[in-house]
Amino acid sequence: MYTILIIVNKLVEVFNILLLIRVVLSWLPMGQNALTRAVYSVTEPILEPIRRTTYPLLGNIPLDISPIIAYFLMQLIRNIVFRIVQVLYF
């Protein structure tokens, strides 16, 4: 069962790093390149539904808080998986 915990933890870590890279890339005046496309293709499926949900709440405020929410959601999911594994197997 440690294997499941390690895999979940590493996936969350990788996603958080990609999320940070995406935030930094959004601040830089870069065109489309392979790195940008790869990072966006991994992070956009998570960020887009969050953005759709938060946009009506923020109204006309031009602030994208979806990376922040995604970060905390990933931490929450990781903690839930850890707790479930602890309860079931330990």
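This is a predicted model: local features need pLDDT of at least 70, side-chain atom pairs count only at pLDDT 80 or more; totals for chains, interfaces and linings use all residues.

Q: Is Ser66 buried or exposed?

A: A residue counts as buried when its relative accessible area is under 20%. The relative accessible area of Ser66 is 0%, so Ser66 is buried.

Q: With which residues is Ser66 in contact, leaving aside its neighbours within four places in sequence?

A: Beyond those neighbours, Ser66 is in contact with Leu47, Ile50 and Arg51. Of these residues, Leu47 and Ile50 are buried residues of helix 2.

Q: Where is the place of Thr36, and why does Thr36 count as buried?

A: Thr36 lies in helix 2. Thr36 counts as buried because its relative accessibility is 7%, and the cut-off is under 20%. With neighbours within four places in sequence set aside, Thr36 is in contact with Leu25, Met30 and Gly31.

Q: Which residues are buried in helix 2, and what covers them?

A: The general idea is that an α-helix has 3.6 residues a turn, so residues three or four places apart point the same way. In helix 2, the buried residues are Thr36, Val39, Thr43, Leu47, Ile50 and Thr54. Their cover includes helix 1 (2-27) and helix 3 (66-89).

Q: Where in helix 2 does a kink lie?

A: Helix 2 covers residues 34-58, and a kink of about 50 degrees lies at Glu44.

Q: What radius of gyration has the chain, and what would a compact globule of 90 residues have?

A: The chain has a radius of gyration of 16 Å, whereas a compact globule of 90 residues would have one near 12 Å. Along the principal axes, the C-alpha trace spans about 50 × 35 × 15 Å. Buried residues make up 24% of the 90 residues. Of the contacts between residues at least 6 apart in sequence, 61% join residues at least 24 apart.

Q: What can be said of the surface and the charges of the chain?

A: The accessible surface comes to about 6600 Å², and 72% of it belongs to carbon and sulfur atoms. There are 7 positive and 4 negative side chains, and the centres of the two sets lie 5 Å apart.

Notes. Residues are numbered from 1 along each chain as its sequence is written. Side-chain values use heavy atoms; hydrogens and water are left out. The radius of gyration is taken over C-alpha atoms; the globule rule is 2.2 Å times the number of residues to the power 0.38. Buried means under 20% relative accessible area, exposed over 50%, partly exposed in between (1.4 Å probe, protein chains only). Contact means heavy atoms within 4.5 Å. Accessible areas come from the Shrake-Rupley method with a 1.4 Å probe; for residues, only the protein chains shown count as cover. Lys and Arg count as positive and Asp and Glu as negative; His and the chain ends are not counted. The place of a charge is taken as NZ of Lys, CZ of Arg, CG of Asp or CD of Glu. The bend at a residue is the angle between axes fitted to the seven residues ending there and the seven starting there. Helices (H or I, at least four residues) and strands (E, at least two) are DSSP runs, numbered from the N terminus.
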